[in-house]
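I opened this one to see how the chains sit against each other. My notes are below the structure.

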Amino acid sequence: MFQRSLAVLGAVAGVCGLATACGSRSQSAHTASGSGGGATVVKIGLDAPLTGGLQALGLGMQYSAQLAVDLANKQQAVPGVTFQLVAKDDQASASIGEQNAAAYVADPGVAGVVGPLNSAVAQSMQSVFNQANLVDVSSASTNPSLTQGPNWKTAKTRAYPSFFRDITTDAVQGPFAADYVFKTLGIHSVATVDDGQTYGVGLVETFSAEFKKLGGQIALAQTATANTTDYSSVISAVKSSGAKLVYYGGEYPAGAPLSKELKAAGLNIPEMGGDGNQDPTYIKTAGPASNGDFATVPGAPLAALPSAKDFIAQYQAAHFPAPYAIYGGTSYDAAESIILSVKAALAQDGGKMPAGDAFRSQVEKAEQAVSFDGATGPVAFDQYGDVGSKVITMYKIENGAWDQGVYSGAFAG
Amino acid sequence: MSVTVLLQLVENGLVLGAMYGLIAVGYTMVYGTIQLINFAHGEIFMLGGFGALTVYAWIPGVAHLPLFAALPLMLLGGVVVAVAAAVGAERLAYRPLRTAPRLAPLITAIGLSLALQQVVSLWYRLPGGGNAKAPVAFPSFGGKAFDLGGVLVQRADLFTVIAAAVCMAGLAWFVARTRSGRAMQATAQDPDTARLMGIDPDRMIVVAFAVGAALAAVAALTQGLRYGQISFDMGFVAGLKAFTAAVLGGIGNVRGAMLGGIVLGLAEELSSGILAHFRDTAQYGQAWADVWAFVLLILVLLLRPQGLLGERVADRA
Amino acid sequence: MTALLNDEALLSVEALLSVEALHVAYGRVEAVKGISMRVLPGQTVALLGANGAGKTTTLRTLSGLLRPTAGTIRFAGQSLERVPAHHIVRAGLAHCPEARRIFPRMTIEENLRLGAFIRGNEDLGPDLRQAYERFPILGERHDQMAGLLSGGEQQMLAIARALMCRPRLLMLDEPSMGLSPIMMQQILRTVAELKDAGTTILLVEQNAQAALALADYAYVLETGRIVVEGTGAELLADERVRVAYLGEG
């Protein structure tokens, strides 16, 4: 019923969003027609969970995209165009995300959207974006089916021509983790727990498939809803299963209590998660017992990348109220890619902004062709809308903090 | 499946059930006095947790005390906040609707529940500027669990069970042995006649709200200690489960609420734990824990529509 | 004893309860349409009438469960029209309600203790002993649930409970209703004993013969109005009363 109440709130928020979107339609038309001298305003949307359990990650996405927009305006990246970031909170709810998507589509000033974070939210937003040819670049949703279609394991087909992402998928993240557990840690028996959501289930699936292929044993597989904090019966089962590691598919608000309770129950085995677990709050909640836990994050560690130096320096100089977190680099690059696509689309028409739908189609075409060196490395999209990068980093908690990455590399499969 | 594992599941179930029971008492007491299902009770529970955390985080020195010394202070903070919120809600939201149709206070309760969540999410602040939009860390016991022949009893588990036992004993004494307790029972059984005895029904309703809130605050403290975090939305699931426990035990019956809580906790842990233990049934384990809990509720209500302990004596009048 | 006083003496005695032009309505339906009545200290006053005449409504208004739309109620020198029910009992007006309304899921003794709720933490030993002497069956079963008692025993409990607050005026609403003839006799005997002991009683009773035999003074209600009033003896002799309520004619 909480979901339902959220949906009600979402519906209300959505209606308000639509109302403001309609309001701004006339406003932007006014700006466009009144070509007296003011710059054309092009809006870039940002959808992420800005409140709720994943807020820390969502705010990092928002401020990083904001940084890209601010820099583009300062440097006059597209002459005559002022970019404006329109951030919307999806509270990690698919239905609210869908309302937000509708609001973006309804505003003709929006040229592209960055986000969302959750794969389940991305799923619900795409049909809305796709109908309007509105580019969406996710910097955090890692479920493979978003780009490669529901049958991505056997027959890849592009699901949505308007959807792109500049982050490595779980098709790489899960197997990378399995490979590390089996070969580097030498652990051959693992228990998996997922949260029943698109991201968590997908991650565990790809992990388990690769782990079994390597000859490992999945001693126990359990699902615990995302709002669970009581894992006592799961832990009893893990204990008797003899597993030497728990692989968790989900996000840290539910992943951290799992680690805490595992250790409290006398099970001194590490928990490993995906990017959803890699957050300082995870350590704060799970306490000292979390030392030795692992989490994978798509991409190389930002701090160690020469290409990210500039981004990090600018981000810190801007004094945003929250750190860029793990999706900062990809969110910055995603916003940058849309800015470049807008530039390319405008160049095609001799610097003039084409009317309505034609403009969005041109931005979509330009996005497919975009190629630049971003904070996370080279950014270019393949025929499914994914970046070529297959780099993943394994992080470990040491002395009460996430380390700088115990191992970073590409997974070949 | 070894006996130790089974006993561990029973231990888990008892602790979880004790917590459900503490919250369930609030639903049942308010229902008993004014036939209102106070859907905001889960949020009263949540506020109890934040009240306790506030004492820990904001009062200088408390965080440096040993946890067992800080606990009474935190409990006091939690109880004060929860009781104030519950009594305030009764006075400002429910009392003006006392004579309105049944649906009006019910919808008010749901609205209040959403509002309280949002208030905490938007405005709660931790020292250093942290907010409560995401789950916030709650202090928890250090040290190892007690090992009873392989069955582990966490320190927080022990605290939960002792707190629940003390609260229930206190409540039983209050209801059965004190003048106010008897007056409250009388109001629940026959409000008009209770007035003829000189009992002020408004006061009894306030007492019901306050006692329920105090117990919910105790439950919130145990929840924080066990899981190491509290969140603005934790009242929803806990409230739903506790409400289920209250119905299971027979709504309106205080002992039934506690029994319902324990039965529900045991059912959840045993069903999910046993199913998760065997390879062939593992997929029906934790993922289905709520399903088994509600299957149990439906079965009990089919066999005993009044709940386990509901209405033991027929009203002849 | 008051029956022995002459009219002049009656007027000189300060009324314990005096009701003037009382109106009570349920929504737009008026149930009591201007009743005036008096109860003197030590008197037993009966209120007679058919179902729906407004007897129970009158008692519920006197004890504060209902609010009058107009009129005054003075009890022991105090105006009661706006006083909430739980304060009225403190003034000394006890109401033993229709259908007994004992608390079924509490023991007999708990019921009695609730009757003395307004007396706070006073020692109730003597009062409990008195109640058990008056109704030995209650004493024998004092720790049983009240809901397990028979109808007549519940009526005894209801009367005993009302007496626990040591009222200045005891209002009894249909105490013999729904009881076996033997039980009815016993309850009416109890009322007579209470009267003899000097208790001031306002009695609503369907058994008009018995009520008039007990009452010093009586009022007959018809659709919310007093149609006849007089001493018990006068009404027993009244033609209209004999036809309408005593089944004669």
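Predicted model: local features only at pLDDT ≥ 70, side-chain atom pairs only at ≥ 80, totals over all residues.

Residues are numbered from 1 along each chain as its sequence is written, chains are lettered from A and ligands numbered from 1 in the order written, and side-chain values use heavy atoms, without hydrogens and water.

**Who touches whom.** I took contact as heavy atoms within 4.5 Å. Two pairs of chains are in contact, and chains A and B share the most contacts. Chain A and chain C have no contact; their closest C-alpha atoms are 35 Å apart.

**B against C.** I found 24 residues of chain B in contact with 31 residues of chain C. About 2700 Å² is buried between them, with 58% from carbon and sulfur atoms; buried area is the accessible area (1.4 Å probe) that two parts lose on being put together, summed over both. B:Arg179, B:Leu196 and B:Met197 supply 27% of what chain B buries there, more than any other three residues.

**Charges.** I looked for salt bridges (side-chain nitrogen of Lys or Arg within 4 Å of a carboxyl oxygen of Asp or Glu). Chain B and chain C have two. B:Asp190 and C:Arg101 form a salt bridge through their side chains, at 2.7 Å, N to O.
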